[in-house]
Amino acid sequence: MGDVNTILEALNTLTVAGNVFFLCVMGALVFIMQLGFAMLECGQVRKKNAVNVIMKNMFDWCIGCVSWLFIGSILCSSINPSDFLDWWIKIVKATPFLENNGIELANWFYGLVFAATAATIVSGGVAERIKFSAYVIISIIITGLLYPLFVYLGPWGASIVPWHDYAGSLVVHGLGGFLALGAIAALGPRIGRFKDGKPIPILGHNIPLAAFGAFILAFGWYGFNIGSALALKDISGLVCATTTLAMAGGAIGALITSKKDPLFMTNGLVAGLVAICSGTDIVSPIAGLIIGLIAGLQVPIVYRFLENRKIDDVCGVVPVHGTAGIVGAILAGIFGMKALGGVGVDPDSVMHIVSNPDIDLLLSQIIGSIFCAFYGIVLGYVVTIAIGFLCNGLRVGREAEIRGLDIVEHNLPAYPEEDTLANRES
Amino acid sequence: MGDVNTILEALNTLTVAGNVFFLCVMGALVFIMQLGFAMLECGQVRKKNAVNVIMKNMFDWCIGCVSWLFIGSILCSSINPSDFLDWWIKIVKATPFLENNGIELANWFYGLVFAATAATIVSGGVAERIKFSAYVIISIIITGLLYPLFVYLGPWGASIVPWHDYAGSLVVHGLGGFLALGAIAALGPRIGRFKDGKPIPILGHNIPLAAFGAFILAFGWYGFNIGSALALKDISGLVCATTTLAMAGGAIGALITSKKDPLFMTNGLVAGLVAICSGTDIVSPIAGLIIGLIAGLQVPIVYRFLENRKIDDVCGVVPVHGTAGIVGAILAGIFGMKALGGVGVDPDSVMHIVSNPDIDLLLSQIIGSIFCAFYGIVLGYVVTIAIGFLCNGLRVGREAEIRGLDIVEHNLPAYPEEDTLANRES
Amino acid sequence: MGDVNTILEALNTLTVAGNVFFLCVMGALVFIMQLGFAMLECGQVRKKNAVNVIMKNMFDWCIGCVSWLFIGSILCSSINPSDFLDWWIKIVKATPFLENNGIELANWFYGLVFAATAATIVSGGVAERIKFSAYVIISIIITGLLYPLFVYLGPWGASIVPWHDYAGSLVVHGLGGFLALGAIAALGPRIGRFKDGKPIPILGHNIPLAAFGAFILAFGWYGFNIGSALALKDISGLVCATTTLAMAGGAIGALITSKKDPLFMTNGLVAGLVAICSGTDIVSPIAGLIIGLIAGLQVPIVYRFLENRKIDDVCGVVPVHGTAGIVGAILAGIFGMKALGGVGVDPDSVMHIVSNPDIDLLLSQIIGSIFCAFYGIVLGYVVTIAIGFLCNGLRVGREAEIRGLDIVEHNLPAYPEEDTLANRES
C-alpha cells in the first residue's frame, strides 16, 4: 500500500499545482484586459485627453489591488468584522500562504482581476471631463465597496439574490455598465456634445487603437470565461466555444444595426463577449452565436436611445457592458433551459418561485438583471454626486475641458512632438 | 483495488482537463495572432486605408467563426453529407459537449484559429483597393470551403496527398500566401504602384506598429507550434526551441539580403516562423536556425522578383507565407532526415515512392509544396475573378482608391482629428 | 502490481509534460516582454528615432537567441570547454531532445528569455545617439558573455557569490540597469540634453504607447516571476500576489514623488515589478506592497540625481531596473526574515557570515547588490569604451543625431506619411 499512498500524494501535488497554474494563467489573461480597456478607451477619446484616460485605467488597477487586499476580497464573502481582522493579521506573514502552493492567493488574484474589470469600465463612460481626483475616489469605492458588496449579495457570495452568472455578465459587466450610467447622469455631457438639444458626435483620435484594444480584450476574455471554472477539473470546452461564437455574433450584429460602422463593430464584438459570460457554460454553440448577435444588434440602438436622452457615454460602456449584460443574463435563462438545448441549472442555485426549474431560472435572471441595473444606476449616481460635494465639483473647469485634461491634470501631452503643431491648428 | 480505481479515475480526470486547458491556452495564443496580423498590416498601409484593413481582419475572424461552425470544421475530415447533418443537429444542444470537459469543442476551437489564420493572410496582399463586399465573400469561401478542403486533401485530413506538416507551413501559411498570390494577380496593382513599368514603393504609415504586430505574431506562434501537439502528453520542448531559433534566423536572414531594412527584418522574422512550422518537431536546433535563415534570406529576393512582374503584394504575404512555407516544407524534408540529424517520420505518414524513408519524406515535401502552390494560386485566382463578376467589379473606383477606403467604404477616418489637417496637405 | 506501474508511468508522463507546458507558457509570457520593452522605449524617444529603438530591440532578441544557443546557455553553469564542445555536438541532432518531452530545451528557452530581457534593458538607456553597429556588438557581448558569466558567478550558477534572487531583481534587472549606466557614462548625453550645465527634458513622442508597453511588461512579468518556480510542483500563489501588489505599489510610489507625472507612474509600475523579483517567494503580501512602493518612490529621485550628474538615461532604466533591483534585493533580505513575517531562506543558499540566518540573508543581499552594481557599471563602461575603438566611435555624427537615426541608419522614417510634414516643421 506504500505505493498507493505515494501515488495519491503525487497526484494530489499535481492537482493542486495544476489548479494554481490554471488560476495564474487565466488571471494573467484577465489582467491583460486592463490593457485592452486602456487601448479601446484611449482610441475613442480625443488626443488632448489620451493620457488622462490611460492614467485613469492604470490608477484604478493599482488602487484596486490595494483596496482589494485590505477590504474587497473579504467583503465578497463576509460582512463579519472579525473576518477582516483575521485577514489583516494573516497578510502580514508569508507563511500562511505556503500551503497548497499558495492557492488561496491564486484565488485572491483571480478575484482581483475581476474586480478591477468592473471598476475600469466606468472610466470609459466618464472620460474627457471628470476631475482625476474625483475619479480616483469613485474607483476606490467601487473596488473596495460597491463591487464586493454586489458580489456578496449576488450568486458568487451569500446568494441573497441568486441567479446564474458563470463569468459575470451582470456581476462584473452589468454592474460596471450601470455604475457608469449613474455616474454619467450625475456628471453631465461634455461641452459641445449636444447643441440645441441635438447630439453632435465627437470622434476619438485613433480608431485602429480602439480595434486593437478590442482584440486584446477578446484575448483576455478567454481567461475571464474559461478561468471561471476556478478549478482545472471543471474546465469546459463548451465555454471556450460559446465565448468565441458570441464574440463573432456580437461584431456581426452591431455591424448590421450600425450600417457597417467600424467602431460599433468593435464595440459589438465586446458586447457579444459581455453577454455570453452569464450562460457560457449552459447554452449550446448555436445559442452562443445568437446571444452574441442579439447583444451586438442592441449596441447601436441603445447607444442612440441614450444619446437622445443627453447621456454622453463616451465609449458606449452602457450598451456594451450594461444592457448587453442584461441581454446575456436573460438569454442565459432562455437558452440555458433544458427545453431549448441548454444544460439547465441546479435548482438550488437560483430562486424557487414556481417550482419549474426552467421558469425559475428565467425569473431569477430577470430579477437579477433588474437588481443589477437598479443597484448600479442608483449607487453610481448617488456616490458620484456625493463625491462632487467632497471634491468641490466633479468636473474640470470649462477652459480646462476645452484645453484637454492631459495638460491641465497631468502636465504632459500624449504626443509631445505634435503639440506645437496641434496648438497652432486649434 | 478500490484505491487503484479511484486513482485511475482521478488521473483520467486530470489528463482530460489538462488537455482542454492545453488546447484553450494554445488556441488563445493563436487567436491573438489575429491582432498581430491586424497591426502588421495596418502599419504597412497608408493612413487612408488603416481602418479598412482592420475591418477586413476583424470581419474575417468573425465570419470565419460562423463558417467554421457550420461547414469548415466538418469538411476538414469528411465530405459525407450525413456528417454535416449530424453536426448541425448536435450543435443545437449543449449537453453533447459536456463529456470529457467538452474537449471536442476545445479541439474545434483550436482548428478554428488555424483556419482564421489562413484566411487573414490574404487580406495583407489585396489591401488598399479591393471592395469590402468582395473581400467578405472571398473570406467566407476560404474559411468555409478552400481551407477545409485543402486540409481534407492534405496530411491533416484524409491524407490523399500526404506530407509532413506539423504546424502547417503549407497547410496554413503556404495556402494563405498562394491564395493571396492568385487573388493579387486577379486584382491588379494599386494606382501609382508601377509607373512606366517600374515599381514605385508605397510606404505604409506606421512602421513601429508593423513591428509590434510581428512581436504579437511571434508570441501567438508559440501557441501555433507548441499547441500542434494537440494533446498535452505529446508536447515538445524541441518545437519550442526550433520555433524560437527559426524566428531569429528569419529576421537576421532578411536583414542581410535587404541591406538592413527594418520592414524586411520584421517580415523576415515572420517568414522564419512560417518556415519552421512544417519540421519543427523533427529537425535539430541548428537546423531550425538554418531553416529560418534561408526563409528570411529569400523574402526580399522573392518580393522584388514578384514586384518586377507587377505583382502588388502590399504586405509581402507571398514571400512571407507562400514561398517561406515551401522553403520550410522542403527543408523539413532535408533536415528531418535521420541522416542529417533529424528524427525522421513514420513512413506511413508520407508517400511511398522509392521505399527509402528519407527520400520518400523529401519527395513528399516537394510534391506537397507543388500541390499547395498550384491549389492556392489557381483557386485564389479563379475565385477572385468569379467574385468580381458577382460584385460587379473587384475594386473600388479610381477616385475612391485615391481618397482612401476608410472614408469611402466605412465613412470613418482612422485618425479623425488629423483628417482636416491631412486633407489640407494632400 | 501491473496497475500500479501503469499508473506510475501515466503520472510521470503527465508530470513531465506538465512541466514542459508550464515552462513554455511562462517563457512565452516572458518573451512578450520584448514587445513591452519595444513599446515602452519607442514611446519615450522622439519620432525620428522610433524605428531605430525597435530595430535595437528586435535585433538584440534575435542575436541573443543565437549567442545563447552557442555560448550563453552553457556558460551559465560551466566554464569547462568540454561542456561547450559536447553541447555543440548535441545541437546538431534532434534526437537527444526527444526524451522527457524535450524538457531540456524548454528550460533552455526559459533561460533565453531571461537573458534577452537583461540585454534589451540597455537599449533604453543608450537610445537616440548610439551607432547601430556598436549597439549590435554590445548586445552580442551581453547575451553571450556578460549576462551568462554573471549568472555563473551568482546564485543561479556556481554560487560563488550567493544571495537570494528568486526571479532576478539583481541577476537580470540590476545587471541590465547597471550595464546601461556604464554604457551611458561611456557614451555621453544626447545633443541638447544639457545646456549651461542644466538638464533640458527631451520628451518622447507617444506617451500612451509607453504606458501600453508597461502593461505588456506587467503581463509578461507573471511569466517571469511565477515561471521562476521552474517546475510545476513548485508554483506559488504567493509569488503571484506579491508580484501584483508590488506593481501597484511601484506605480503609486512614483506617482507620489513625481507629483502625479504619468510617465514616472508608468516607470514606477515597472520598478515595483523589478524590485519584487528577488523576494517574491518569501515575503508577505503586505511586504510585497511596501517593496513596490519604496521602489516606486525612488524612481523620480534617482532619475533626477543622475540627471544632475549629466547621466542621460533616456528611458530611465537605471532607476527602474538598476536601483530598483537593489532596493528589491535588500528589502527581500529584510522582509524575507522570519522575524518580519517572511519565510526565511535555506542557510546554505546564502553566505555564512554571522551564523544568524536572518542576518546572513540580509548581508548576502547587500553584498550581492554591491557586486551587481560594480560588475555592471565597470563592465558596461569598459566594454562600451572598447567597442568605441572597434567601431571608430560609439556615436552617430552630430548631423545624423539631429536628423534622427531612422533615416540615417535605416533609411526608413517611422511614420513615412508624416515625413514631408515633419521636415517642413523642423
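Visitor: Through which surfaces do the copies meet, if I look at the interface residues of chain A and chain C?

Guide: Through different ones: only 10% of the interface residues of chain A are also interface residues in chain C, so the copies meet through different surfaces. Please keep in mind that this is a predicted model, where local features need pLDDT of at least 70, side-chain atom pairs count only at pLDDT 80 or more, and totals for chains, interfaces and linings use all residues. Residues are numbered from 1 along each chain as its sequence is written, while chains are lettered from A and ligands numbered from 1 in the order in which they are written.

Visitor: How many residues of chain A are in contact with chain C?

Guide: The general idea first: two residues are in contact if their C-beta atoms, placed from the backbone, lie within 7 Å. By that rule, 52 residues of chain A are in contact with 54 residues of chain C.

Visitor: Which elements give two or more residues to that side of chain A?

Guide: Elements are DSSP runs numbered from the N terminus, with helices (H or I) of at least four residues and strands (E) of at least two. Here they are helix H1 (2–44), helix H2 (50–75) and helix H4 (103–125) of chain A. H1(A) gives the most, with 20 residues.

Visitor: How do the residues of that side divide into nonpolar, polar and charged?

Guide: Ala, Val, Leu, Ile, Met, Phe, Trp, Tyr, Cys and Pro count as nonpolar, Asp, Glu, Lys and Arg as charged, and the others, Gly among them, as polar. The side of chain A that touches chain C has 41 nonpolar, seven polar and four charged residues.

Visitor: Which residues touch the most other members of the largest nonpolar core?

Guide: A nonpolar core is a set of buried Ala, Val, Leu, Ile, Met, Phe, Trp, Tyr and Cys residues joined through C-beta atoms within 7 Å. A residue is buried if 20 or more other C-beta atoms lie within 10 Å of its own, exposed if 12 or fewer, and partly exposed in between, with C-beta atoms placed from the backbone. In the largest core, of 496 residues, they are Ala180(A), Ala180(B), Ala180(C) and Ile291(C). Beyond its neighbours within four places in sequence, Ala180(A) is in contact with residues including Ile121(A), Val122(A), Val317(A) and Gly380(A).

Visitor: Is Asn100(A) buried or partly exposed?

Guide: Asn100(A) is partly exposed, with 16 other C-beta atoms within 10 Å. Asn100(A) sits in the loop between helix H3 (81–90) and H4 of chain A. Across chain A, buried residues make up 65% of the 426 residues.

Visitor: How many helices and strands are in chain A?

Guide: Chain A has 15 helices and two strands. Its C-alpha trace spans about 85 × 50 × 35 Å along the principal axes.
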